[in-house]
Amino acid sequence: LMGTSGPVSISTWAGVEQHSNSSQTNRAIALLYALTGSFDAKGGNVLYEKVPTRDVSGHEMMSDEQRQKTLGLDVRPLGPEAVNGWITSDALYDAALDQKPYAVKGLVSFGLNILVSHSDGARGAKALDELDFMVHADVFMSPTAEHADIVLPVCTPWEREGLRTDFVVSQEAASLVQMRSAIIEPRGESRSDAWISFALAKHMGLAGQFWGGDSDAGYRELLKPSGIELDALRKAPEGIRVPLQTSYRKYAEGKNRGGGGEVLGFNTPSRKVEIYSETLMRYGYDALPKYVEPGMGVKDKTGIAENFPLILTSAKSPQYLGSQGRAILALRRIEPNHRLEIHPDTAQARGIQNGDNVALLTPHGELRVTVKFSPKLHPDVVVGSHGWWQENRSLSLSGYEAFGSEGTNLNTAFRNETIDPLGGAAPHKSYACQVMALE
C-alpha cells in the first residue's frame, strides 16, 4: 500500500522513541519511508525553507578536548552526546554518585523537573543531594527544586518577551518571525531565563561573550541575516513574514551554483540513503535495523513474567504539559487524579472495580493509582502518565509524595538498566508490571 500510493509522511515521537531499542526502530521506519521516495517530496515530510538567522549558541567556542568530556560519550559515541553535547540524566547520576567518568559537583538547571519527568527519580534525588551546590530556576517549587541550595524565581511566558523565528508546520508558518510582547510586569522578584543567564555571565566576567550583557544586541545579531530590524518586529506584534518558496527533493540538486555538477545527496558518509550502515557496524552496533525484545519486557525473562505479567506503557495527558498545570482549576476538574487505564477483563481477574485505588508494581518500584477502565486496550497492557506531584488548593486536593510506595510518581518505577544503547532513551513505553487490589 505504501509503495504504490505515492509520497507518504512519517510522524513519530515518544511512542516510538521511549523503548530500549528505539534508535533501530526509528531507523527501520525511516528506511521504509526513504525507500518510497517520500523524503522531502511533496506530500511527504518536507524540509521547508527557513528564515535565515545567525547561530548565537556559542557551540563553536567549545574546544574538541572539552567536547570529549561530555558525560556518556564513551558509552554512546554516535548518540546525542556526539551530535550536540546533550547528556542523559542517567549519565548525570553516575557522575554525581559514582564519579564516573569523573565527579560532577555542581548543577545549574532551568525549569526541568527531572525527578518527576525522567526515570529512576529516587536515584536522581540521591544524586542531586550529593552535589556540593545546585541552583534551580523555575516558576514553581517542584520536587526537583526542593533539592537545590538556591531557587531563582522565573517569569511565566506572559511576563516576558519571546522571540520565535520558525513555526515549523508549513512553509507559511516557517516564514513568520514574531516577537511576543509581555502582557504584565514580572511578579515579585521573578526574572526571565535570559535575564538570569546574562546576569550570571556578567558576574563571571563573560560579558564580552554576551554582547556586554545587552540581550537586545543578542537579538539583533541573531536576526541580522534575515534583514528584519528588532524595533520593527516589536512594532508588529502579529509578526513579520519573509517571502520564502518551497523546493522539493533538494538532495537531488547539483552542488554548484545554478544546480550543476555532482548532486548534493544526503548527510551521510556516502551521501546516499544507507540501508546498511558501515558507521554503525564500525562502532559495534547492528548495521541493519534489528528487532530486540524490550529489555524489561515480559518475554524470555526468567522470573519477570511470572511476577510481572503486564506491560506498562505511559502517555501524556491531554490536559497537562509534562509535570505542569495540576494547580489550574479548569484542567484539574477534568482530570483530578492520576489514572491507570486497564482493560475491564484484566481488572476483573484481579478483583478490581472501575475507580478503585490500586497498587502498581514493577521490578523496581511501587506506587498508588486510580483505575480507569479502557475496553480498547490490549488485556496485557496498562497505561499510566507521569508528572503528578502538584496540589490544587481550589479543589482541596493535596499534592502527591514524589517518592515512596504511597506516592504516584510513575517514573520512580522505571530504572535505567535497559536504556537504548545507541540513543540513550529510557523504556517508559514498555516495562514489565503487575496491578493488584489494595487490602
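**Close-up views of a predicted model**

**View A. Helix 9 and the lining of the second largest pocket.** Helix 9 contributes four residues to the lining of the second largest pocket, the largest share. The structure shown is a predicted model. This pocket has a volume of about 280 Å³. Of its 13 lining residues, those closest to the centre are Val 135, Leu 152, Trp 195, Ile 196 and Ala 199. Two or more lining residues come from each of strand 1 (106–110), strand 2 (133–138), strand 3 (150–153) and helix 9 (193–203).

**View B. Strand 5 and its pairing with strands 4 and 6.** Strand 5 (residues 176–180) pairs with strand 4 (residues 162–164) in the antiparallel sense, over three bridges. Within this pairing, Leu 163 has Met 179 of strand 5 as its bridge partner. Strand 5 is also joined to strand 6 (residues 240–241) by two bridges, and these two strands run antiparallel. Here Ile 240 of strand 6 stands opposite Val 177.

View C. Strand 7 (residues 310–314) is largely enclosed by the rest of the structure, because four of its five residues are buried. Buried here means under 20% relative accessible area. Strand 7 pairs with strand 11 (residues 381–384) in the parallel sense, over four bridges. The bridge partner of Ile 311 in strand 11 is Val 381. Strand 12 (residues 431–437), by contrast, runs antiparallel to strand 7, and three bridges join the two. In this pairing, Cys 433 of strand 12 stands opposite Leu 310.

How values were computed
Residues numbered from 1 in each chain as written. Predicted model: local features only at pLDDT ≥ 70, side-chain atom pairs only at ≥ 80, totals over all residues. Heavy atoms only, no water. Pairing = 2+ DSSP bridges. Buried < 20%, exposed > 50% of the residue type's maximum accessible area, 1.4 Å probe, protein only. 1 Å grid on protein atoms, 1.4 Å probe; cavity = no way out; pocket = protein on both sides within 12 Å on 5 of 7 lines; lining within 4 Å. Points joined across faces, edges and corners; volume = space filled by probe spheres on them.
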